Amino acid sequence: MAGGFARFRCGDCVLDRLVPFSGKGRGFCPSCGGRRMAERAAHLVDHVLPDVPVRQWVLSLPHRLRYQLAWDHDLCRAVVAVYMRAVLGWLRRWAQRVGVADGRGGAVVVSQRFGGALNLNVHLHALVVDGVFARDATGAIVFRPAVPLTTLDVAEVLATVEPRTAALLARRGVDEGGGREVNLRRRRRRCWRG
C-alpha cells in the first residue's frame, strides 16, 4: 500500500476495498504502465520508425463492434488488416497520381482497449509513415513525403474501410445487427466480494 492504492466502494452496501498499485498483483499500476509506454515509444523512435514524417491515424469503431472485437482477437486482427490496407493503399494511389511508381509505406498499429475512464473502448492507433518509399532512376530507395491531408482524403479512406469491414463481418458470419455478437449481459450482484 505504500506505493499507492485505489479505493473502491460499493454504493449499495458501502463495502470498501483498497487495491494496491502493483505490477506484481492485481489492478493497474500507473507507474508500470507509464514506464512501459515510455520504453515502447523510445524503441519505436530509436529502432523501428525511419527518420521521416509520421502521421497518427485513429480508427474509432461503433459500440457494437467494440464489444465484438474485445472478445474476438482474430476478428480484431482482421479489422486492423482491413484498416491498414485502406490507409497504405490510399498512400500508394496518391503516389501513383504524382508519378511515383511502386511506392510503399509502413505503419505500426496499436489496438487500444480502454478509454480514459477505463471503459471498454476498442479503437486503433496507427503511426503511419507520411509518404512512400520508392526507387529513383539510379535504383536507390528514396522517401517521397505526402501532401497535407484534407478532409476529403480522410473521407476517402473511411469510405474504403467501412464497406470492407462490413464484408469481413459478413464473411465471418458476424451480423452487424447483433447476430453473433457477444452477449455482455451478466447477472448483477448487489455488491462484489474479493
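This note walks through the structure in numbered points.

1. **What kind of model this is.** Please keep in mind that this is a predicted model, where local features need pLDDT of at least 70, side-chain atom pairs count only at pLDDT 80 or more, and totals for chains, interfaces and linings use all residues. Residues are numbered from 1 along each chain as its sequence is written, and side-chain values use heavy atoms, with hydrogens and water left out.

2. **The overall layout.** The protein has 4 helices and 7 strands. Here helices (H or I, at least four residues) and strands (E, at least two) are DSSP runs, numbered from the N terminus. Starting at the N terminus, the order of the elements is β-β-α-β-α-α-β-β-β-β-α. Of the 194 residues, 29% count as buried. In this note, buried means under 20% relative accessible area, exposed means over 50%, and partly exposed lies in between (1.4 Å probe, protein chains only).

3. How many bridges pair strand β1 with strand β2? Strand β1 (residues 5-9) and strand β2 (residues 16-20) are antiparallel and share 5 bridges. Two strands pair if DSSP finds at least two bridges between them. Across this pairing, R9 stands opposite D16 in β2. The hairpin has 6 residues between its strands, and V14 takes a positive phi near 60° there.

4. **R9 and D16 again, now through their side chains.** D16 also forms a salt bridge with R9, with the closest N and O atoms 2.9 Å apart. A salt bridge is a side-chain nitrogen of Lys or Arg within 4 Å of a carboxyl oxygen of Asp or Glu. D16 counts as partly exposed because its relative accessibility is 29%. By this rule the structure has 7 salt bridges.

5. **A salt bridge between distant parts of the chain.** R55 forms a salt bridge with D130, and their closest N and O atoms are 3.0 Å apart. This pair links distant parts of the chain, 75 residues apart: R55 is in strand β3 (residues 54-59), while D130 is in the loop between β5 (120-129) and β6. Are these two residues buried or exposed, or something in between? R55 has a relative accessible area of 23%, so R55 is partly exposed. D130 is at 12% relative accessibility and therefore counts as buried.

6. D102 is found in the loop between α3 (73-97) and β4. As background, most residues other than glycine have a negative phi. D102 counts as exposed because its relative accessibility is 53%. D102 forms a salt bridge with R104, the closest N and O atoms being 3.0 Å apart. R104 has a relative accessible area of 45%, so R104 is partly exposed. Elsewhere, salt bridges that share partners join R7, R9 and D16 into one network.

7. **The β4 and β5 hairpin.** Strand β4 (residues 107-114) and β5 run antiparallel and pair over 7 bridges. F114 has L120 in β5 as its bridge partner. With 5 residues between the strands, this hairpin includes L118, which takes a positive phi near 60°.

8. **The β6 and β7 hairpin.** Strand β6 (residues 131-135) is joined to strand β7 (residues 141-145) by 5 bridges, and the two run antiparallel. R135 has I141 in β7 as its bridge partner. There are 5 residues between the strands of this hairpin, and G139 takes a positive phi near 95°. G131 belongs to strand β6. G131 is buried because its relative accessible area is 0%. The C-alpha atoms of G131 and R144 are separated by 5.5 Å, although these residues are 13 residues apart along the chain.

9. **A positive patch on the surface.** Which residues gather in a patch of positive charge on the surface? They are R85, R164, R171 and R172. Patches are made of residues with over 30% relative accessible area and no salt bridge, and like charges are joined within 9 Å. Lys and Arg count as positive, and the place of an Arg charge is taken as CZ. R164 counts as partly exposed because its relative accessibility is 39%.

Notes. Patch = residues over 30% accessible without salt bridge, like charges linked within 9 Å, V, L, I, M, F, W, Y side chains within 5 Å. Areas by Shrake-Rupley, 256 points an atom, 1.4 Å probe, with all protein chains shown as cover.
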